[in-house]
Amino acid sequence: MPHTSEFPVAAFDEEDQSGLRAVHAELAEIEKELSAGGDIEPAPVPRVSMRPSLMPPRSMGSVVGESIGLREVYRVIDRVAHTACTVLVTGESGTGKELVARAVHESSPRAARPFVAVNCGAIPEALLESELFGHAKGAFTGAHATKPGRIAMAEGGTLFLDEVGEIPLSLQVKLLRILQVREYSPVGDTRTVKADVRIVAATNVDLEKAVAEGKFREDLYYRLNVIHVHVPPLRERATDVALLAAHFFAQARERMGRPDLTGFSQSTLKLMIDYPWPGNVRELENTIERAVLLARGPQVEPKDLPAKVCGLASEPRGPQQLPQGGIDLRSAVDAFENNLIRQALERTSWNKNRAAALLGLNRTTLVEMLKRKRIGSNAA
Ligand SMILES: Nc1ncnc2c1ncn2[C@@H]1O[C@H](COP(=O)(O)OP(=O)(O)OP(=O)(O)O)[C@@H](O)[C@H]1O
Ligand SMILES: [Mg+2]
């Protein structure tokens, strides 16, 4: 669908419009390049020029990764960071949404001012309102003194609303007012306070679905979704796995005092690249931390990885009954064999002599099978 400039400008304030125009111009350029059959790499954007160099950045803040998916994230941040427009960050759990939100802040003119995060899903509903908006003395039992809320703490900076889909409907209207007129009233206070905050929100739930189900206000959704940044799951950015693994390895080695460890063996790296990482970057980070703890060295080996990363738990076992439509016998037997071989290797900490004994094979046969099946340390 062609991108036109016909977004409902009247619905957005100056800052939002400026961000929308920037992204719109970028999309139009990409579209032009695509229809001309050309490369989609940076094209000059005549109307909105924000950086001396038009190359999209290859890194941003502490976000590690150079995959196409992440570069798209950097590109959008780069286009809108200088504005104060609202950004909605979506993505599965553990993909790095908070890090991206911080990168928006750090790339903005507000970087020297506070970045204040509020986890809307972790604060009980009864407390969230006063936590966000603050309260006046005597506003409720226990309110012994006036207390500023997180919005006031973020003044001049960025307010990060994490798990924004969890904000109760009763508070959504108050939040909408901040986004529309940049003002609010603390709990128990009739005064109106001005707020100069940039809002970045994050969610791993489908907000459109929440809107359809009546759990999230549609007007608030549109106000939050001015600029949408989607952080792709790690399984869709395989090229980042090695970079991130090296990054977390260096951190863990330092933290745990393991200068004897030199890095990952080829087979360990291959297993990590092949694994789909359902828990995304957080799971990779934890896996490396555990591996650095367990590794005898000098390299991190497959036996230092959790069984599921080695494919042990997920290896298909093959059907017990002949399916209606028939079967590929060779691959079913293969899957059956692989599963038992991997279990034997895991049980013996990848000691091939003992694993072969467990399987009733001699060592040479097992080594040949591993090579042929590309399992473990011969896999690379
Ligand atoms: N690209 C990245 N580079 C470096 N570290 C990363 C990257 N992405 C995520 N991490 C690290 O992975 C962990 C999870 O990231 P983060 O908390 O930002 O994810 P999230 O999407 O907010 O997760 P959740 O939905 O569970 O809140 C953090 O420790 C973060 O520092
Ligand atoms: Mg988070």
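At what angle do the axes of helix α13 and helix α14 cross? Before the answer, a word on the model: it is predicted, so local features need pLDDT of at least 70 and side-chain atom pairs count only at pLDDT 80 or more, while totals for chains, interfaces and linings use all residues. Residues are numbered from 1 along each chain as its sequence is written, and chains are lettered from A and ligands numbered from 1 in the order in which they are written.

Now to the helices. The axes of α13 (residues 352-359) and α14 (residues 363-373) cross at roughly 100° and come within 9 Å. Here an axis is a line fitted to C-alpha atoms, for helices over the stretch in contact, with angles running from 0 to 180 degrees between N-to-C directions. Helices (H or I, at least four residues) and strands (E, at least two) are DSSP runs, numbered from the N terminus. α13 and α14 are therefore roughly perpendicular to each other, a term used for angles of 65 to 115 degrees. On the α13 side, K352, N353, A355, A356 and L359 meet R363, L366 and V367 of α14; contact requires C-beta atoms, placed from the backbone, within 7 Å. This contact has five nonpolar, one polar and two charged residues, where Ala, Val, Leu, Ile, Met, Phe, Trp, Tyr, Cys and Pro count as nonpolar, Asp, Glu, Lys and Arg as charged, and the others, Gly among them, as polar.

Next, look at the sheet. Five strands make up an open sheet with parallel pairing, in the order β2-β3-β6-β1-β7; two strands pair if DSSP finds at least two bridges between them. β2 (115-119) and β7 (227-230) are at the edges with a single partner strand each, so one side of each has no neighbour in the sheet. From one strand to the next, the twist averages 20°. Five bridges link β2 to β3 (residues 158-162) in the parallel sense, and V116 has L159 as its bridge partner in β3.

Finally, two backbone details. G297 and P298 are joined by a cis peptide bond, with omega about -5°, and P298 lies in the loop between α11 and β9 (299-300).

Methods: Angles under 35 degrees count as roughly parallel, over 145 as roughly antiparallel, 65 to 115 as roughly perpendicular and the rest as oblique. Two residues are in contact if their C-beta atoms, placed from the backbone, lie within 7 Å.
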